[in-house]
Structures are given as structure tokens and as C-alpha cells.
Amino acid sequence: MSETVFTRQPHLSPMSDQQRVEILQDPGFGNVFTDHMVSIDWTWDEDGGAWHDARVEPYGPLSLDPSAAVLHYGQEIFEGLKAYRHEDGSVWTFRPEANAARLNRSARRLALPELPEELFLGSLRAQLEADRAWVPTGPGQSLYLRPFMFASEAFLGVRPARQVRYMVIASPAGNYFGGELKPVTIWVSRDFARAGKGGTGAAKTGGNYAASLLPQLQAAAKGADQVVFLDQYHDDAIEELGGMNVFFVHADGRLVTPALTGTILEGVTRSSILQLGRDMGLTVEERRVTLAEWAEGVRSGEITEVFACGTAAVVTPIGRLLDGDDVIESAGGTDVTLKIRAELEGIQTGRVEDRHGWLHRLV
Ligand code: COI
């Protein structure tokens, strides 16, 4: 397939160097966006439809018809990955082919058109060619890339949209939870589930995150940072957190995470950690983990560390689990957690050998 050409309309008044440098000192997460954005449109036709009008434009509000299907029926998917600046100034991303594949799995579930991998990779490259100055250099910092796709057709009938837009926006990122890295507190959602059998739990679609917001508010009211969802049908098996996967480090050298059941998001960080765990000589297990196993394991010392992981969260230790009035303190260990985090960030930033071929140069 020949490489798609993106038309480029540079921002006429991009942010000043001084303002950008100030923002990059402490970007937080998801607060500020770069000067440009990428868009590609898709239009349905009898032959299956086609992507067209790939472009890089100044970042700014969209003009969307109020009847655009995404606003009514939530036909939307997204991805999250990061760009890292290496010591020589080159900019790289991590396993983007895995994000391209997941975007297309989500697209199939949401009846959206698939985006060829080459176009996905080209869109990231186009974004970075326009905004490479926005990639921060501080420890733990990166440029978060948010590809997304939505039903832009103006039509209220309930059927897959015939006009769709794919976009990329970018936002400099530090610690997802703000400030320095510290153990987070998790609240068990007993009232709500994130996903059900046959639903959209394995797809990265806005509706799953919308469903997590009310439980997330309950969590925040209890002083927790994130909520953990359970599989209501099977003995309170742990699924995932509001926006990240969860891992358990056992005293006997096992690294355990809930198996992918069709209701859990297949995290790219999750699968990378399974590989890094193997590399470190840990025995990795993907299986059912119940809340009782978590609570009892931490109390008995069998589980020594618990951590959350995701593109945004990277690897973040979990300090406490709140279940109703029960407070389950973590065993307090963070050795393996921080070792895995350092290894992952080391590979991403070019300081540790990329022995699995995970890095992909953007600019
Ligand atoms: C990510 O880790 O990239 C996510 O998508 C999680 C969250 C910020 C929605």
C-alpha cells in the first residue's frame, strides 16, 4: 500500500517556546494539548467505504452537527500510547502495532471501520513531525498520544454511521495521579460492574469509562484514587480498575494478573509486564483472582505487592484496598513493582536495551 500523504496546515500562532517550557516542567495528565491535531475522514460506499482527507491542522474545537451519531449512541473508540524523547533527541513510541491492532478489534466491536496499520502509524508520525518540540524530557515524562475514532454522520437512526472521523491529539504527561509517584488507594465497587458478558468490556470505547465515573465518584468520596470492578457472576473475581489493569506479586516469586475473559481490556502495558516478569525469572500467571484471595493474601503475607498498570498510569503501587468499612493495607512492598517500572521506562526511554523490538521511531 502506498504511503498516505497528510496535507499540512501549520499553526500560525503556536505556543511560545517559553510558555511551552513552563508547561513541560509539570504537565500533570491530560491538561494541555499540543499545537496540532491529525484528522482522517471515512465515508461509506457500496464497496465498503474508504479513508480520505488525511490532514494535520492547528489544534482547535471541532464543528460537529448536533445530530452526529456519536453524541447520541456513543459509537466511539480510542487508544492511548506515548512518545518518548531519547538522549540523542530522536522520538520513539512503544509497541504502536499493538495499539493499531487493538483499535481495529475495538472498531469491529463498535461497528466502526478498521484503520490500516500503516495509516495508524503514519498518523502518529505526522503528529510528531508537527509537534516534536512538545515531547518532554523530565524523568517519568512523555507525550501522551490519544488516537480516537467516532461516528460523525448527522443521522438519528440506530445503525452504524456512514461517516466517521479518526483523529490524533497529543498532551504532555507526567504522573497520571499527579505529583510524585506514591502508592494509591483502591475502592471496591460492590454496586456497579464495568462490563458484562458479551458487552464491550474488551473494547476501548468511551461508554466503558462513562460507566466507571459514578463508582469512581464513590471511590473519591472514600478517599480512594481508583475503583476496582468485580465480575459479579463468578465469586467476586477481580476484573480491572477504572482505567488500568492490576497485578499481584507473591512471596514465592509469582506474578499474577486476572486472565482476559472478554470483559477485561487487553492492556499493552499489561502484556509487556507479563513478558518483563518472565525475563526477570518470575512465574507469570493469568488466571482468576478473587477479592478474597487479594485480602487474605495481603493479610497473610503471601501477596507482597499489588500494582496498577496502564499506558497512562505506567506502573503504580497500590497501597490500600477499601471494601466497605474494611481497610486492607497492602503488605507495603514495592521492590518488584519499582523494578518492573524502571525496566519498562528504561526500555521506553532508550536507557535499557530493547530486546523485544518494542520501540518504533517516530521522528
Ligand atoms: C491509558 O492508560 O492510556 C488509558 O487509556 C487509561 C485512561 C487514561 C483512560
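In the predicted model, Lys204 lies in the loop that runs between strand S9 (184-188) and helix H5 (206-221). The UniProt record, in an unreviewed entry, lists Lys204 under "modified residue: N6-(pyridoxal phosphate)lysine". With a relative accessible area of 9%, Lys204 is buried, since buried refers to values under 20%. When its neighbours within four places in sequence are left aside, Lys204 is in contact with Glu76, Ile77, Phe78, Glu79 and Gly80, and also with Arg102, Ser106, Tyr209 and Leu265.

Helix H4, which comprises residues 117-131, has 15 residues and reaches 21 Å from its first C-alpha to its last, a span close to the 21 Å expected at 1.5 Å a residue. Of the 15 residues of H4, 11 are buried, so the helix is largely enclosed by the rest of the structure. The buried residues in H4 include Leu119, Phe120, Leu121, Gly122, Ser123, Leu124, Arg125, Ala126, Gln127 and Leu128, together with Asp131.

Turning to the chain as a whole, 8 helices and 18 strands are found. The radius of gyration of the chain is 21 Å, which agrees with the value near 21 Å that a compact globule of 363 residues would have, and the C-alpha atoms fill a box of roughly 60 × 50 × 40 Å, taken along the principal axes. Buried residues make up 52% of the 363 residues in the chain, while the chain exposes about 16,000 Å², of which carbon and sulfur atoms supply 50%. Among contacts between residues at least 6 apart in sequence, 71% join residues at least 24 apart.

Methods
Residues numbered from 1 in each chain as written. Predicted model: local features only at pLDDT ≥ 70, side-chain atom pairs only at ≥ 80, totals over all residues. Heavy atoms only, no water. UniProt positions renumbered as here; feature names shortened; annotations may be inferred. Helix = DSSP H or I, 4+ residues; strand = E, 2+ residues; numbered from the N terminus. Buried < 20%, exposed > 50% of the residue type's maximum accessible area, 1.4 Å probe, protein only. Contact = heavy atoms within 4.5 Å. Expected span 1.5 Å × (residues − 1). Rg over C-alpha atoms; globule rule 2.2 N^0.38 Å. Areas by Shrake-Rupley, 256 points an atom, 1.4 Å probe, with all protein chains shown as cover.
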